Amino acid sequence: MINIKNLNLSFGEKIIFQDLSLQVNDNARIGLVGVNGAGKTTLLRIITGELESDSGVIERSKNLTLGYLPQDLIELEPVPLMQYLKDRAGLSQLEARIHEIENKLAANPDNHEALLNEHSRLEHRFESIGGFAFESEAHKVLHGLGFSVSDSEKNCLDFSGGWQMRIAIAALLLSLPDVLLLDEPTNHLDLYSMEWLEGWLANYKGAVLAVSHDTRFLENIADNIADLTQHKIILYKCGYDEYLELKAQNEELLEKAYNSQQRELHKIESFINRFRYKATKAAQVQSRIKQLEKIKLIELNSPDKSIKINIPESEPSGLEVIKVTGLAKSYDDLNVFDGLNFVITRSERVALVGINGAGKSTLLRLLSLTEQPTSGKIKYGHNVKAAYYSQLSAQNLDYNHTVWEEALSVSSKLNSVERRNLLGAFLFSGDDINKSVKILSGGEKARLALYKLMLIETNLLILDEPTNHLDFNTREIIERALLKYQGTLIIVSHDRHFLDSLAERVLELRDGRLYDYPGNYSYYLEKRFEREENLARQSQTQSHNKAAQSQSHNHNQEIKAKIRDTKKLIAELEKNIASSEQRINEIDNALCSQEVLNDSNRIKALMIERDNLDKLIKSLYEDWEGASLELEELKSQ
């Protein structure tokens, strides 16, 4: 479909691509990765034809259609949402011409053979591109991306920037191109919409080339990883998780080869320097110089793993960090949530999740005391010292400062060298520190605001989407720092890997209420899936019961159906309990293994998994006891 051969591109003296090659075949699923500035977006724009390379060839199949989703906001037309989707899919013009022909036929029934032929041809084409089922399919896509049914008639320009990006995604998916080029498609999606998009892409018949900082997204949608490094692409024919392992192995081998080459170079250079001015050694010196010129130098491309962040911590807070009672928040007629009650204790790591619009950012603002509730109370415990990072924290900067002046504006125990090193971890290095804050991009401002937060002594961090605008390496540095942080964390993020690594408790905002899950994000997903299955089962059972009641009003049949469903539920619960207990036994056996005992990371992972399984089994037994009691009651009727 697309074959890129020996692509070269430079901006001034900066080399972007050097003999870069990549092939995108039918039904390919490729994740494009690389550090910030490697050229990922540039490569997508060259494929679309928006940019030209200095040299190289891009071969495309005949009549190939491309669909490109850029990172930046797309300008939409001031038309109703459904009409915009039809326009982008190429249906509106066809539909208009078909109606025009129908009106002409109605007005002049004579001499209509040519019009009938055109009408038949256009209608066949309309059907072949899914025109008759388009609105139904569009509503499915819009629902998956978080839109309501009534949104389809709203003007595109009435939506906020984030929702306009969702409209662009919907239009792109419904146009069904041969190749989808996606540049950070999950940036404006909540967790639910991201999961839906992954499911949609799994059934998509075209090829996908995607750039994303969401590692879970890449693992779920890609079966090949194109690593853009050192101006070239290395293709790993595997998923993202396996790619990380293979890349680490390759870098270890590369480092060994680099060290070996450096030792050899040092020997040659020492010989040249030692005998350069001895006539008897002139021929040998010249031979060594030629040998040196022929050596192709090995370059290391791994990130600097020595960069570490230790978030400054104040004295510990009291056991009870935040107590929330009867919390409610409304904006005019919009009731965001009501009657929230919960307590967060010292050193807890809490993830706050929910669909877009559920009120996550609103709740964080209330918890940070930067906004007042409509009713209810938020009480901080003893000695709580909080810091809050908002998605709008980029505004909390002095635009008259340089980056370095902003770095010095926060009181901290870090000295100048440590502050410079930390700035490097946040992708500000070299002359970047002398840039004026006012000329920074939105992402750079957000990174600088997060950097300043990491200098403050705290024992409570409230973070709203802290990993936005960070590349893989920087996100890992922040993640490691937060794992070492002994204070309390409350985090909103759509980065599922980030949440899974950090969260030990999940609070879900749903329909104005708060639901508490005592486990990590994977545990929450499991419980949410169980809940949705139970709701679907209950809905199915209720529908069945209603139908049965209206047909025969046979009470005994209803009881039998409930007994059968309850027995099935009990059997499923017992199966899950058995498999969970078996896994705990496997973990316990593994923890007795000397090989595992020598690996502290493995021990930690197994202990976390065991703790989550213990919590899961407790919950399963509670469900089993409830179902067993219900079965006994049903049998006694």
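This is a predicted model: local features need pLDDT of at least 70, side-chain atom pairs count only at pLDDT 80 or more; totals for chains, interfaces and linings use all residues.

Q: Which residues touch the most other members of the largest nonpolar core?
A: Leu85 and Phe426, in a core of 118 residues. A nonpolar core is a set of buried Ala, Val, Leu, Ile, Met, Phe, Trp, Tyr and Cys residues joined through side-chain atoms within 4.5 Å. Buried means under 20% relative accessible area, exposed over 50%, partly exposed in between (1.4 Å probe, protein chains only).

Q: Where does the largest share of this core come from?
A: Helix α6, residues 161-174, gives 9 residues. Helices are DSSP runs (H or I, at least four residues), numbered from the N terminus.

Q: And what is leucine 85 in contact with?
A: Leaving aside neighbours within four places in sequence, Phe134, Ala138, Leu142, Ile167, Ala170, Ala171 and Leu174. Contact means heavy atoms within 4.5 Å. Another core, of 27 residues, lies apart from the largest one; Ala28, Ile30, Leu32 and Val211 are among its members.

Q: Switching to helix α3: which residues are buried there?
A: Leu91, Ser92, Leu94, Ile98, Ile101 and Leu105.

Q: How many disulfides are there?
A: The structure holds 0. A disulfide is a pair of cysteine sulfur atoms within 2.5 Å.

Q: Is cysteine 156 buried or exposed?
A: Buried, because its relative accessibility is 0%. Cysteine 238 is buried too, at 5%.

Q: Now the rings. How many aromatic pairs are there?
A: The whole structure has 9. Rings of Phe, Tyr and Trp (its six-membered ring) pair if their centres lie within 6.5 Å; planes under 30 degrees apart count as stacked, over 60 as edge-to-face and the rest as tilted. Tyrosine 517 and tyrosine 524 are edge-to-face, 5.0 Å centre to centre with 75 degrees between the planes.

Q: Why is the pair of tyrosine 521 and tyrosine 524 tilted?
A: Because the planes are at 45 degrees, with the centres 5.5 Å apart.

Q: Which rings form a cluster?
A: Phe147, Phe159 and Trp163 are linked by ring pairs.

Definitions and conventions:
Residues are numbered from 1 along each chain as its sequence is written. Side-chain values use heavy atoms; hydrogens and water are left out. Helices (H or I, at least four residues) and strands (E, at least two) are DSSP runs, numbered from the N terminus.
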